Amino acid sequence: MRSLRSVEVLALVILAVLVALVVAVPLRRGSEVDRRDDQRRAALEAAKEAKYREIRDAEMDLRMGKLGPEDHREIDTGLRAEAIEILHELDKLGADEASDPSPAPGAPAGEGPVGGR
Amino acid sequence: MAALGSACLIIGLMTALYAAGASLYGARSGRRQFVVSGRRAIYCLAGLLVVAMVVLETAFLRSDFSFALVAQGSSTDTPTFYKASAMWATQQGSLMLWVFLLSILSSAALFVTRHRHRDIAPYAAAVLAAVGAFFLFLMIAYENPFATLSPVPPEGAGLNPLLRHPAMMIHPPLLYTGYVGFSIPFAFAIGALITRRTDADWIRSTRRFALLAWTFLGTGILLGALWSYAELGWGGYWAWDPVENASLMPWLTGTAFLHSIMVQEKRGMLKLWNVSLIIATFVLALLGTFLVRSGILDSIHAFGASTLGTPFLIFIVVVIGGSTALVLSRRRELRSEARLDSLLSREAFFLLNNLVLVAICAVIFWGTFFPLISEAVTGTESSVGPPFFNAVTTPLAIALVLLAGIGPVLAWRRVTPAGLRRAALFPAAATLATLVALLAFTRARDSVPALVMFCLVAFVLAVVGQEFWRGTAARRIATGESRPRALGQLVLRNRRRYGGFLAHAGIALLFLGVAASSAFIDQRDVRLSPGGARGGDANTATYRGGTASLGGDDAGTGAAISLGAVLDVRKGEQRFVLRPSRNYYRTADPSKGPIGRFFEGEATSEVDLRWGLRRDLWTAIQPDVATLTKAVQRLDRDPRIANAGPAQQLRAIAALAEIYRRDPPPAQFRALVSPLVVWIWVGGAVVLMGALIALWPAPEARMRRVSSLHGARLGRELSGA
Amino acid sequence: MDPSRKRKLRLVVALSAAVLLGAALVYTSFSSATEASTPSDVLRSGEPGRSYELTGKVAKGSVEREGDELRFRVRDRDGTTSVPVEYAGVVPDPFREGREVIVSGGLDGGKFVAERDSLVTKCPSKFTKDKDGGGAER
């Protein structure tokens, strides 16, 4: 290992200090209250979006003739029941749906798959 | 400046280690401030690596030869465009690129999930930081991109002319984005396993990263194939070389992963399969990155053992061992929530498709590592070549295309027999019609696999077309929109589904091109004298004259001299001209004479290619420079030339070029007629379009509106129930 | 048939298919493999009629072109034993004296007669993200 030149040492020190400053900020804030609620709500939101998409997909399969009406009814009922459960849970968390913050980024949605109702 | 770069790497390594440690500590102790601090450390790492990249790129662009890497991979006469990409043509530069992309994507992934996955994200951060730390360690300890040279050399060795092509500029970044992209879902999977939260949650957030990675990796692979076809002197697009295979394998398992996670999201099945698949994909991505550097396999890309072989092997063993142990210990949480209802369901066919894809990956793996296997089993090292690979992958590829056609037709859980009949009628008719037409009007029957593939391609295209048609029709019934608007809205509101269908169509087109160009290629090697002609099936090519040009070759790659031919091609009524040539680059080798140096350096084939929707005509030339040898030798021995400056030498070269042009010698030509090969690239573009549609996020406003719409509806049912 | 028996049956079918395919794979690979040999291997124990994959470096000063045919000598990577090669077909761009090559073919007398288009030349530098021509058809 060749010996370090002074300019290298300087660069090392400056960078180390910069990084240390940035990562220490949260540490100085002290321990946050563990907002498990936030996470739970976000997870429920994501599950809700996914459930909605499944309901839409099933409806689309019905319209395209891939799923028979009886099969669809059975699946649809099950999915709606699961969705209602999720909504119950969200209600329990005291979430107001109309003023929800941005929904989970991983679950795109749209209006009815083949058109409005 | 190199000092700054080195410092960035060293501090980066420490930052990465801190990020891993802080995230782990914060997760285990519940002290969230350490988790946040660890995440910020990863943002810092990204910042440091941006600085390091800027330093390195600037050195290349300025031809700063105090950087050993610049002296090794670039030169003052490398065109600027290629100076920028020369960095990742080197070992050290490509490691730098890898960890740079890793830090950027990790920062993005952790930022996007900072409010969700509070259990999983810290472990994912730790995994990503650890991988980054490994790459940084490799660079600092073994292959430092910021090594300096003293004294500073006046000139660099230059970029290998074969790499001077736009596709080669973006090929490595695309591939690496793919490899790195797959490490995100891997890291979250590990986090999910550690915290035992093995439901579909970890999938939902990382699905986009997996799709992004898949898209980039696939595009990178296809660009590499295109470059090989259009640039290299052999006219093929895939040689089953170990390095090519190493990039294809993670793409195959990645494709399987993209399908099987849908099953887990919908039905809670295949949990064990999914984590295993993403672990395998990540391991294969590491293999893809390192195979060329490890010296394990003989490849045209590898050259003996390199220093990175051992550390890499250790790392892979640790990753495989650790992941396997983790998966085994979480067996219970990975049990399926549901069972397969029926074989006629999307779940069943997705599973089948997965099995086929994994089988293809397995046979390619077997063939690629066969030298090691045969050495272990029989004691002598033998290898298998393209005939083996083509033979074993063809039936699997046919199965894959068949499944790609059936999949879109099915629904989740089960499909009624009536529904199936309704859906299969048009595609079956289309397939049959194609079969009849092919048998009657073409010589497709000469190759049964190709014939089968053509019919299946028709099948897939018919299925996809039918899906778009029926979907549009159903929407028009509901909304009364015009056809184009209905189609647009349909796709916009069902991006994943229709993007996926489009990708299937693209894959079918790609296999159309592959099947046709593999089975029906017409290759001829001829030696022609000026004025000579040779005819093929439909074309006659006449060697009209020679071409010779100095400096400034068309591609701008900095060749000193280009020698070639003008070929007059007549095809029925059509006439066109092809100009294949060969570029000669100067070598710095002092043992060659001053003029001889121009002809003894690297030489590349500049192919001339005429694209066509139905067939491509590809030509390459091997000029006979032996006729110039005597003149070259005379010039080399002439003392006036040795003492002359570069301008004089160029004049001598110009004189030689003129001799060649005026009296061109006979030359060796290779001509390939490849049917339908352009559909490979077209198909790839369609797949890319489909993937981009599927990737595109829905605008937030619409999402909120829809959520409340649905919520209101369900609420009504709640109160009504 | 009750569901669990159906599932077991499916599993058995799947596993048998996998075993059969695996056997087919192993058989195909071992029967179509070519042995990698150095010039000394080939000269020492090469049998006429068998296909070998000759690997080594192109000996300096040994490259001659005669019309379509290319003649050169391949020597051991670290050594001087060399064997003359007769080759016809596409010559990859990086082909040059001193470079590592792989060429398939058989022994005929003291000469190595190469299969058409089977010449592959390795890239010169330790690591280049580079692709090469040749070796397309064997």
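Student: Which residue stands opposite Phe669(B) in S11(B)?
Tutor: In this predicted model, that position is taken by Ile621(B).

Student: Which strands do the bridges join there, and how many bridges are there?
Tutor: Strand S10 (residues 615–622) and strand S11 (residues 667–675) of chain B are joined by eight bridges, and the two run antiparallel.

Student: In what order do the strands of the open sheet come?
Tutor: The order is S2-S11-S10-S9 in chain B, with antiparallel pairing. At the edges are strand S2 (522–528) and strand S9 (608–610), each of which pairs on one side only. From one strand to the next, the twist averages 15°.

Student: Changing topic: how many salt bridges does the structure hold?
Tutor: Over all chains there are 26. One of them links Arg497(B) with Asp61(A), where the closest N and O atoms are 3.2 Å apart. This pair crosses between chains, from helix H18 (residues 495–519) of chain B to helix H2 (residues 36–63) of chain A.

Student: Are those two residues buried or exposed?
Tutor: Arg497(B) is buried, at a relative accessible area of 11%, and Asp61(A) is buried as well, at 2%.

Student: What about Glu658(B) and Arg662(B)?
Tutor: They form a salt bridge with the closest N and O atoms 3.8 Å apart. The two are separated by about one helical turn because they lie four residues apart in helix H22 (residues 646–662) of chain B. Glu658(B) is partly exposed at 29%, whereas Arg662(B) is exposed at 67%.

Student: Which residues do salt bridges with shared partners join into one network?
Tutor: Asp57(A), Asp61(A), Lys266(B) and Arg497(B).

Technical notes:
Residues numbered from 1 in each chain as written. Chains lettered and ligands numbered in written order. Predicted model: local features only at pLDDT ≥ 70, side-chain atom pairs only at ≥ 80, totals over all residues. Heavy atoms only, no water. Pairing = 2+ DSSP bridges. Axes fitted to C-alpha atoms, helices over the stretch in contact; angles between N-to-C directions. Salt bridge = Lys/Arg side-chain N within 4 Å of Asp/Glu carboxyl O. Buried < 20%, exposed > 50% of the residue type's maximum accessible area, 1.4 Å probe, protein only.
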